[in-house]
Amino acid sequence: CHESCDGGCHDGSPKDCEACKDGWEESEEHGCTDKDECSSGDVCESNKYCVNTPGSFKCEACDNSCEENCTGPGNTACLACKTGYEMIENEGCKDIDECADESTTCEDGKYCDNNPGSFACLDCDKACSHCSSAGTEKCSACNAGFQLTDKGCEDIDECADASTTCEDGKYCDNNPGSLACLDCDKACSQCSGAGPEKCSACNAGFQLTDKGCEGTKS
């Protein structure tokens, strides 16, 4: 029997059904024909649209840009747009780029990032105090310890500045945006870096050689 038949049939066509299943209706010309439930009005809940299927129907979600209801799939079928979208003729609900609006501002150290229906204020690179997007090359002003170049905010090597000094027994170690005074090797009283070979003066019990501070023989 045809899929539309209920209870039996005389042959395999919709005209041969003894009765029609739910979702089908009898037609004198065609026999059991599909009933279009979607034509009967609002059969789906809010923010869904009706899709007719043989003998039944299903409700599909409206496009994410639609406010409450739609007539079919896609943003062009919206009856109204959600906040963050605007209705454009022949294009449907289109995202509003809040970041292109000068009235949209983010706090210092953050930049505006547009996303569908909204926007977010995201952290600039740690080198930036102001920026237009992610990455040091998007910095427009720098945090302390960085300087603005044509490549964005780049680290200032404070250890290369002769005015930067560390106490005896420590050496200057540059790091992004700052510096640290780290302990010299135990053999050194003064040094330029880690390890005994970086000693420029030695503690008692060590002597300075071309290999750095080495222990003296007793």
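1. A residue is called buried here when its relative accessible area is under 20%, exposed when that area is over 50%, and partly exposed in between, with a 1.4 Å probe and the protein chains only. The model is a predicted one, in which local features need pLDDT of at least 70 and side-chain atom pairs count only at pLDDT 80 or more, whereas totals for chains, interfaces and linings use all residues. Residues are numbered from 1 along each chain as its sequence is written, and side-chain values use heavy atoms, with hydrogens and water left out.

2. On the overall form, the protein has zero helices and 18 strands, where helices (H or I, at least four residues) and strands (E, at least two) are DSSP runs numbered from the N terminus. The radius of gyration is 38 Å, well over the 17 Å that the globule rule gives for 218 residues, so the protein is more spread out than a compact globule. That radius is taken over C-alpha atoms, and the globule rule is 2.2 Å times the number of residues to the power 0.38. Along the principal axes, the C-alpha atoms fill a box of roughly 120 × 50 × 25 Å.

3. The domain assignment, whose bounds come from an automatic or database source, divides the protein into domain 1 (5-35), domain 2 (39-96), domain 3 (99-155) and domain 4 (158-215). Between the C-alpha centres of domain 1 and domain 4 the distance is 96 Å. As for contacts, meaning heavy atoms within 4.5 Å, 6% of those between residues at least 6 apart in sequence join residues at least 24 apart.

4. Trp24 lies in strand 1 (residues 24-27) and, at 14% relative accessibility, counts as buried. Leaving aside neighbours within four places in sequence, Trp24 is in contact with His2, Glu3, Ser4, Cys32, Thr33, Asp34, Lys35, Pro54 and Gly55. Cys66, which is 42 residues from Trp24 in sequence, is 32 Å from Trp24 in space, C-alpha to C-alpha.

5. Ser129, in strand 9 (residues 128-131), also counts as buried, with a relative accessibility of 18%. When residues up to four places away in sequence are not counted, Ser129 touches Asp108, Gly109, Ala141, Cys142 and Asn143.

6. Asn47, in the loop between strand 2 (31-34) and strand 3 (48-53), has a positive phi of about 70° although it is not a glycine, and at 24% relative accessibility Asn47 counts as partly exposed. Asn90, placed in the loop between strand 5 (85-88) and strand 6 (92-95), likewise has a positive phi of about 70° without being a glycine, but Asn90 is exposed, with a relative accessible area of 75%.

7. Gly12 sits in the segment before strand 1 and counts as partly exposed at 46% relative accessibility. The C-alpha atoms of Gly12 and Asp161, which are 149 residues apart along the chain, are separated by 94 Å. Asp161 itself is found in the loop between strand 12 (152-155) and strand 13 (170-175) and is partly exposed, with a relative accessible area of 40%. From Asp161 to Asn75, 86 residues apart along the chain, the C-alpha separation is 59 Å.

8. Ala204 has its place in the loop between strand 16 (199-202) and strand 17 (206-209), where, at 78% relative accessibility, Ala204 counts as exposed. The C-alpha atoms of Ala204 and Gly215, eleven residues apart along the chain, are separated by 9.0 Å.
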